[in-house]
Amino acid sequence: LSQNRESFDDPSCLAPQPPGSVSPAKRQIKEVKETKITINCVTFPLPGEGPEQQLLKPDEWSYCDYFWTDRKDPQGTTLVTGFEVLLQKQLKGKQLQKEMAEFIHERIKIEEEYAKNLSKLSLSPLAAQEEGTLGEAWTQLKKSLHDEAEVHLKFSNKLHTEVEKPLLTFRGDNFKKDLKKYDHHIADLRKQLASRYASVEKARKALADRQKDLEVKTQQLEIKLSNKTEEDIKKARRKSTQAGDDLMRCVDLYNQTQSKWFEEMVTTSMELEKLEVERIEWIQQHLRQYTTLRHETDMFNQSMVEPVDQLLQNVDPAKDRELWVKENKTGDVRPVDMDI
């Protein structure tokens, strides 16, 4: 933000003015109000007034460029500062990260239940009496279910250690405490700024009162409506000068405080931006680990099925018939006709 100093060092600002005229000090205050606007104790340039501000980080959509003004909350009842919006983004990110971990946990439970059911089914006695090459294929198919159950159980265990747990533990309870420190620090600076602004307004009113008092006394002296002496005029002029000095001092203190708030806003918003980048990259990394584990599971499952495929290709009805006949034949002598 531009930190142009409002100066009252022109001696004519404090000198008596002709009746009905506006003092240079008042004109200068009016000009400041026309080129700048103060919103919630923060001073901004009016659109189209003064040199155009350049973004601090052009083309990056950086936090430090877009959260300077306050806005109303969704209910429209209270004002929320731009910095509070950034903090809310961090807290929401933490909550969403927790919800992702809960989602993965549910996925793990499904895998564990699936593995349990596969293992149980692999022990089923159904069709256990099938014989021959088809029986071998059927036995291998049931065994593949047991092996597949082991694969899914390992998948669920890895999901817990390599995806769910990292999502849960990334930035623990201290993270919210750190955010509160940021919040209190910026809020304190904002309170200081509000106090400085109140002092400026008070000093501005005091200067206007002193100017008016000086003008009235001077006018009364000129038209002989009062017995005020030149000493009274000098005293009023000194008070007016002092009021101008006080206003300049208050404006300087306000600008210093606003500059400090500005610098801390830039620094802290950049830190929050960095934290958000880290959060997104951390989640990306571990969700990619999920897909890696998922691909591995598919490959292992495929390897479980390959022996079944091989045995199924080798199923030979003729051979199975031969084996079954050899084991179960009742005799190979055929009947003949009866003799008389």
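This is a predicted model: local features need pLDDT of at least 70, side-chain atom pairs count only at pLDDT 80 or more; totals for chains, interfaces and linings use all residues.
Residues are numbered from 1 along each chain as its sequence is written, and side-chain values use heavy atoms, with hydrogens and water left out.

**View 1. Overall arrangement of the protein.** Seven helices and four strands make up the secondary structure; helices (H or I, at least four residues) and strands (E, at least two) are DSSP runs, numbered from the N terminus. The order of the elements from the N terminus on is α-β-β-α-β-β-α-α-α-α-α. Of the 340 residues, 32% count as buried, where buried means under 20% relative accessible area, exposed over 50%, and partly exposed in between (1.4 Å probe, protein chains only). Contact means heavy atoms within 4.5 Å. Among contacts between residues at least 6 apart in sequence, 78% join residues at least 24 apart.

**View 2. The loop residue Asn-40.** Asn-40 is located in the loop between strand 1 (36–39) and strand 2. Its phi is positive, at about 50°, although Asn-40 is not a glycine. With a relative accessible area of 34%, Asn-40 is partly exposed.

View 3. A pair of aromatic rings is described by the distance of the centres and the angle of the planes. Rings of Phe, Tyr and Trp (its six-membered ring) pair if their centres lie within 6.5 Å; planes under 30 degrees apart count as stacked, over 60 as edge-to-face and the rest as tilted. By this rule there are seven aromatic pairs. One of them joins Trp-61 and Tyr-66, a stacked pair with 5.0 Å from centre to centre and 20° between the planes. Trp-61 is exposed, at 67% relative accessible area, whereas Tyr-66 is partly exposed, at 36%.

**View 4. The stacked rings of Phe-170 and Trp-282.** The ring centres of Phe-170 and Trp-282 are 4.7 Å apart and the planes stand at 10°, so this pair is stacked. Phe-170 lies in the loop between helix 4 (132–169) and helix 5 (174–222) and Trp-282 in helix 6 (residues 230–313), so the pair ties together parts that are 112 residues apart in sequence. Phe-170 counts as buried, at 14% relative accessibility, and Trp-282 is partly exposed, with a relative accessible area of 26%.

**View 5. The contact of helix 3 with helix 5.** The axes of helix 3 (residues 82–122) and helix 5 come within 11 Å and cross at roughly 175°. Axes are lines fitted to C-alpha atoms, for helices over the stretch in contact, and angles run from 0 to 180 degrees between N-to-C directions. The two helices are therefore roughly antiparallel, a term for angles over 145 degrees. Helix 3 contributes Phe-83, Leu-87, Gln-90, Leu-91 and Lys-94, and helix 5 contributes Phe-175, Lys-176, Leu-179, Tyr-182, Asp-183 and Ile-186. By class, the contact has seven nonpolar, one polar and three charged residues; Ala, Val, Leu, Ile, Met, Phe, Trp, Tyr, Cys and Pro count as nonpolar, Asp, Glu, Lys and Arg as charged, and the others, Gly among them, as polar.

**View 6. The largest nonpolar core.** A nonpolar core is a set of buried Ala, Val, Leu, Ile, Met, Phe, Trp, Tyr and Cys residues joined through side-chain atoms within 4.5 Å. The largest one has 26 residues, of which Trp-68, Phe-83, Val-200, Leu-247, Trp-261, Met-265 and Leu-272 touch the most other members. Strand 2 (42–45), helix 2 (63–66), helix 3, helix 5 and helix 6 each give two or more residues to this core, and helix 6 gives the most, with 10 residues. Apart from residues up to four places away in sequence, Phe-83 touches Phe-67, Tyr-182, Asp-183, Ile-186, Met-265, Thr-268 and Leu-272. Ring pairs also link Trp-68, Trp-261 and Phe-262 into a cluster.

**View 7. The second core and Val-163.** A second, separate core of nine residues includes Ala-101, Ile-104, Val-163 and Ile-283. Val-163 belongs to helix 4 and is buried, with a relative accessible area of 0%. Leaving aside neighbours within four places in sequence, Val-163 is in contact with Ile-104, Lys-158, His-286, Gln-289, Tyr-290 and Leu-293. Val-163 and His-286 are 123 residues apart in sequence but 5.4 Å apart in space, C-alpha to C-alpha.

Terms used. Angles under 35 degrees count as roughly parallel, over 145 as roughly antiparallel, 65 to 115 as roughly perpendicular and the rest as oblique.
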